[in-house]
Amino acid sequence: MRSHSSILGILLIVWPITSPAEQSQTFGDYTVHYNAFTTDILEPSVARAYKILRSKNRVLVNVSVLKKVMGTTGQPVRAKIQARATNLSAQVKILEIREIRDKGAFYYIAETPVSDEETLKFTLHVIPDHEDEGHTITFQEQFFTD
């Protein structure tokens, strides 16, 4: 699983940089990076290793939290994350967040089904470890699956 972990880590690091859907928000000493994409782009071996169903009709939400550290791009930190997705019909999907650890980095992922042209509004509540207060982030994406 170690080699798959490295592959997933690279994908989750590179994907936000190359994706127009990558977003981040800074609050206090922390920056939260997040995005959502259909799971069909995952390499089959990575999807298998993490039990992620590859499909155009399935979305993976990816979240990482970095603490600001002078002279660096930030230090990965663990966090408590609650997430939900709401479609335009006001149907709410509570997302089950899973933590993935990879060589000192922490990634938080969740999956949910999606229909063609469906728009989902994601709400993330992020509390970095050793902090009492969290930050709520919302973002919206439309998915085309056909």
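This note walks through the structure in numbered points.

1. **What the model is.** The structure is a predicted model, in which local features need pLDDT of at least 70, side-chain atom pairs count only at pLDDT 80 or more, and totals for chains, interfaces and linings use all residues. Residues are numbered from 1 along each chain as its sequence is written, and side-chain values use heavy atoms, with hydrogens and water left out.

2. **Overall make-up.** The chain has two helices and ten strands. These are DSSP runs, numbered from the N terminus: helices are H or I with at least four residues, strands are E with at least two. Along the sequence the pattern reads α-β-β-α-β-β-β-β-β-β-β-β.

3. **Cover and surface.** The chain has 146 residues, and 45% of them are buried. Buried means under 20% relative accessible area, exposed means over 50%, and partly exposed lies in between (1.4 Å probe, protein chains only).

4. **Contacts along the chain.** Take the contacts with a separation of 6 or more: 59% of them join residues 24 or more positions apart. Contact means heavy atoms within 4.5 Å.

5. **The largest core.** The largest nonpolar core holds 26 residues. Such a core is a set of buried Ala, Val, Leu, Ile, Met, Phe, Trp, Tyr and Cys residues joined through side-chain atoms within 4.5 Å. Val-32, Val-61, Val-63, Phe-122 and Leu-124 touch the most other members. At least two core residues come from each of β2 (30-38), β3, β5 (79-87), β8 (105-113), β9 (118-128) and β10 (135-143). Another core, of twelve residues, lies apart from this one; among them are Ala-49, Ile-52, Leu-60 and Tyr-107.

6. **Val-63 up close.** Which residues does Val-63 contact, leaving aside its neighbours within four places in sequence? They are Val-32, His-33, Tyr-34, Ile-81, Phe-106, Tyr-107, Tyr-108 and Leu-124.

7. **The open sheet.** Four strands form an open sheet in the order β6-β5-β9-β10, with antiparallel pairing. Two strands pair if DSSP finds at least two bridges between them. The edge strands are β6 (92-95) and β10, and each pairs on one side only. From one strand to the next, the twist averages 20°. Axes here are lines fitted to C-alpha atoms, for helices over the stretch in contact, and angles run from 0 to 180 degrees between N-to-C directions.

8. **Strand β9.** Is β9 mostly covered or uncovered? It is mostly covered, with eight of its eleven residues buried. Nine bridges join β5 to β9, and nine bridges join β9 to β10. Both pairs run antiparallel. Ile-81 has Val-126 in β9 as its bridge partner. On the β10 side, Thr-123 stands opposite Thr-138, and Leu-124 stands opposite Ile-137. In a regular strand the side chains alternate between the two faces of the sheet.

9. **Positive phi values.** The hairpin of β9 and β10 has six residues between the strands, and there His-130 takes a positive phi near 70°. Lys-51 is not a glycine, yet it has a positive phi of about 55°. Lys-51 sits in the loop between α2 (44-49) and β3. Lys-51 counts as exposed because its relative accessibility is 72%. Lys-103 has a positive phi near 50° and is also a residue other than glycine. Lys-103 is in the loop between β7 (98-102) and β8. At 64% relative accessibility, Lys-103 counts as exposed.

10. **Arg-58.** This residue lies in strand β3 (residues 58-67). Why does Arg-58 count as partly exposed? Because its relative accessibility is 22%. The side chain of Arg-58 makes a polar contact with that of Glu-111, at 3.1 Å. A polar contact is a pair of N or O atoms within 3.5 Å; within protein, one must be able to donate a hydrogen and the other to accept it, and residues adjacent in sequence count only if both atoms are side-chain atoms. Thr-39 is 19 residues from Arg-58 along the chain, and their C-alpha atoms are separated by 5.8 Å.

11. **Phe-143.** Phe-143 is in strand β10. At 5% relative accessibility, Phe-143 counts as buried. Phe-143 and Thr-38 are 105 residues apart along the chain, with their C-alpha atoms separated by 7.8 Å. Not counting residues up to four places away in sequence, Phe-143 touches residues including Ala-36, Phe-37, Val-59, Leu-120 and Phe-122.
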